[in-house]
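Me: Got a model open here. Can you walk me through it?

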Amino acid sequence: MERRDFVANLGITLALACTAGLAACGGGGSDNPNPNPAPPGGGNARLSVNLNNELMAVGDAKISGGVILIRTGSGNTSADFAALSSICTHQGCTVSAYNKTSGLIECNAPCGHGSRYATSGAVNTGPAANPLTRYTVTVSGNILTVS
Ligand code: FES
């Protein structure tokens with residue numbers, strides 16, 4: 001193979017490799033077009049909880065799968081729970097806790113900056129300016145599902 005042929009073949013090979021590489025990466029794009037994506041696996045459930053052994057007392061909370069789930073009442077109906085996105089609307093940190101004493105969801109250090117939210121999702125204290133997204137709670141028997 002002559003040097004000229006080798007260089008031409010090398011160029012074609014590199015062009016094909018680059019094209020395949022860009023396709024695999026999806027061509028770039030936005031950072032996070034949906035901050036509250038549906039859960040993996042194709043179902044609608046973001047979180048499921050067995051009420052026989054979790055969230056048994058008023059004020060109990062669980063943060064998992066992008067959700068903060070709080071027991072706000074003593075019954076086992078959807079009205080006895082609040083489910084919200086656990087992603088703080090300020091800068092995207094996961095909220096750190098539900099404070100039973102204050103009744104507020106907290107976004108604290110080391111990631112957060114002190115924002116507080118009511119169980120409705122409304123901002124109580126900034127710097128966050130926008131509410132947390134509310135999710136739907138369904139209770140069937142002892143199984144609670146957030147969607
Ligand atoms: S990320 Fe929650 S207060 Fe800044």
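Reply: Start with strand 9 and strand 10: they run antiparallel and are joined by four bridges. This is a predicted model.

Me: Which residue does threonine 138 stand opposite in strand 10?

Reply: Threonine 145.

Me: Which sheet do they belong to?

Reply: An open sheet of three strands, in the order 1-10-9, with antiparallel pairing. Strand 1 and strand 9 are the edge strands, and each pairs on one side only. The twist from one strand to the next averages 20°.

Me: How many bridges join strand 1 to strand 10?

Reply: Four, and these two strands run antiparallel. Strand 10 covers residues 143-146.

Me: Zoom out. What's in the whole chain?

Reply: One helix and ten strands. From the N terminus the order is α-β-β-β-β-β-β-β-β-β-β. The chain has 147 residues, and 26% of them are buried.

Me: And contacts, how many join residues at least 24 apart?

Reply: 39%, counted among contacts between residues at least 6 apart in sequence.

Me: How is strand 3 joined to strand 4?

Reply: By five bridges, with the two strands running antiparallel. Valine 67 stands opposite serine 85 in strand 4.

Me: OK, packing. What's in the largest nonpolar core?

Reply: It has 13 residues. Those with the most contacts inside it are Ile68, Leu84, Cys88, Val95, Ile105 and Tyr117. Strand 3, strand 4 and strand 6 each supply at least two residues of this core. There is also a second, separate core of twelve residues, including Leu47, Tyr135, Val137 and Leu144.

Me: What does isoleucine 105 touch?

Reply: Skip its neighbours within four places in sequence. Then isoleucine 105 is in contact with Ile68, Ile70, Leu84, Val95, Ala97, Tyr98, Ser115, Arg116, Tyr117, Ala118, Thr119 and Leu132.

Me: How many aromatic pairs?

Reply: Zero, counting ring centres within 6.5 Å.

Me: What sits over the ring of tyrosine 135?

Reply: The charged end of arginine 46, at 4.2 Å from the ring centre. Tyrosine 135 is also one of the residues in the second core.

Me: Now glycine 121. Buried or exposed?

Reply: Glycine 121 is buried, with a relative accessible area of 0%. The cut-off for buried is under 20%, so 0% qualifies. Glycine 121 lies in the loop between strand 7 and strand 8.

Me: What is glycine 121 in contact with?

Reply: Leu84, Pro131 and Leu132, leaving aside neighbours within four places in sequence. Leu84 is also among the residues with the most contacts inside the largest core.

Me: How far is glycine 121 from serine 86?

Reply: Their C-alpha atoms are separated by 10.0 Å. Along the chain they are 35 residues apart.

Me: What is the phi of leucine 55?

Reply: Positive, about 50°, although leucine 55 is not a glycine. Most residues other than glycine have a negative phi.

Me: Where is leucine 55, and is it buried or exposed?

Reply: Leucine 55 is in the loop between strand 1 (47-50) and strand 2 (61-64). Leucine 55 is buried, with a relative accessible area of 6%.

Note on methods:
Residues are numbered from 1 along each chain as its sequence is written. This is a predicted model: local features need pLDDT of at least 70, side-chain atom pairs count only at pLDDT 80 or more; totals for chains, interfaces and linings use all residues. Side-chain values use heavy atoms; hydrogens and water are left out. Buried means under 20% relative accessible area, exposed over 50%, partly exposed in between (1.4 Å probe, protein chains only). Two strands pair if DSSP finds at least two bridges between them. A nonpolar core is a set of buried Ala, Val, Leu, Ile, Met, Phe, Trp, Tyr and Cys residues joined through side-chain atoms within 4.5 Å. Contact means heavy atoms within 4.5 Å. Axes are lines fitted to C-alpha atoms, for helices over the stretch in contact, and angles run from 0 to 180 degrees between N-to-C directions. Rings of Phe, Tyr and Trp (its six-membered ring) pair if their centres lie within 6.5 Å; planes under 30 degrees apart count as stacked, over 60 as edge-to-face and the rest as tilted. A charge sits over a ring if NZ of Lys or CZ of Arg is within 6 Å of the ring centre and within 35 degrees of the ring normal.
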